[in-house]
Amino acid sequence: MLTLRLARGAAPPALCRRLLLAAAAAGVGFLLLAALAYATAHPGGRAPALRLAWCAVPLAATAQLAAAVARADPAARPRSGLDMAGLGPARLPALAAASTAVAGLAGSVCALLVFLHLRGTGTGLPLDGAAAEAFAADRPLPLGAVLTLLAVAPAGAAAAGGLALRRAGGGGARAAAEPAGSAPPALPPAGLPWGVALTGAGIALCGYAADGTLGDDPEGWLPLAGVLGGTEPGVVGGWFMIAAGIVLAAPGLVWVCGRLLCGGRPGMLRLLAGRTLQGESRRIGGPLGALCAATAALLAALELDGLREFGPLGALGAGVVLVCALGTVATVAGAARADRRSATATLARLGAPRGLLRGAAWLRAAALFGALVPLTWLAALLFALPGGR
């Protein structure tokens, strides 16, 4: 009941974040139900299991979005009223888990309603019966499996939200107490060399496994048509290693951008922008790396096959991943900006002009754009490299 009251009284930005999380959970739930329908219509073989396993990718993107939404939720920050109600910092992760679970459950219910409508459970058959045939409308689905799959997205979102706040030390109290940029770290995040090494290992695995034969396997490991439909398992593993390496190295890359801005004899503009990037590198680096990896994978897939070979379910899965990555970056950036308000107000009281603060923000954006766009382009080339003839 408390979760519902807090959701009803939330500000519009918080409501928008929860609606985005519900939409992502709806997409994941629909993909899981579609995989179940395919397994019912095509028993045996590895294709049904692979379709179900590939739903883990949008599910992971939804969990990342849920973690970001939980950290940015104002209801998850320590308040005196919540302390009086017995919800101190130790119990705030449970409140965040319940809040994200409610959003995920709403999305799963929507996914079920749309899925049943497309199967023709209601009056009439939509899309001239084509969807009913694709979703095995003539075969009954096991109720236990349907309920279990619909619970996956809410459970994953709840677990991600609760763990995110537990790691943050109880609802972001530490972040609220220390403004961004109050302590720029002397050393970069530790993941940069490991990310580069993991990316190199992924490139080597792709080259060894593919050897210019991508698309030759009639029973590939991607539930898609065209070249991607014949992907070997080693190539898939290499792609995952490349993507994980990008995500792991992104915080260090953001820190390097801040360091370069502060290099030489920086003025106030470059110093402010660089120190802010260094201080927020661990916070925004991971989501930016995930966005780069998702965008690069989509560009490589379009280069290899084009949008026509994706199919509606493939397009839905790619859309869920990309929207979750964008939503996570926007959520984390908004939360970081909110945590900088006290430092910004202090600078304004000291006489810093507003143009300086706006210029620092534009300079940070330009530095990240200049570093991440080439990284995305390079990653897209690496993803598409095994398809070379």
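Author: Residues are numbered from 1 along each chain as its sequence is written. In this predicted model, local features need pLDDT of at least 70 and side-chain atom pairs count only at pLDDT 80 or more, while totals for chains, interfaces and linings use all residues, and side-chain values use heavy atoms, with hydrogens and water left out.

Reader: Which residues of H11 are buried?

Author: Buried means under 20% relative accessible area, exposed over 50%, and partly exposed in between (1.4 Å probe, protein chains only). In H11, the buried residues are Gly191, Gly195, Thr199, Gly202, Cys206 and Ala210. Seen down the axis of H11, they fall within an arc of 75° (taken from the directions from the helix axis to the C-beta atoms), so they line one face of the helix. The face turned away from that buried side carries the exposed residues Pro193, Trp194, Val196 and Tyr208.

Reader: In which helix does valine 109 lie, and is valine 109 buried or partly exposed?

Author: Valine 109 belongs to helix H6, residues 92–118. Its relative accessibility is 43%, so valine 109 counts as partly exposed.

Reader: With which residues is leucine 372 in contact, leaving aside its neighbours within four places in sequence?

Author: Contact means heavy atoms within 4.5 Å. With those neighbours left aside, leucine 372 is in contact with Leu253, Leu288 and Cys292. Leucine 372 and leucine 288 are 84 residues apart in sequence and 8.2 Å apart in space, C-alpha to C-alpha. Leucine 372 lies in helix H17, residues 354–384, and counts as buried because its relative accessibility is 10%.

Key
Helix = DSSP H or I, 4+ residues; strand = E, 2+ residues; numbered from the N terminus.
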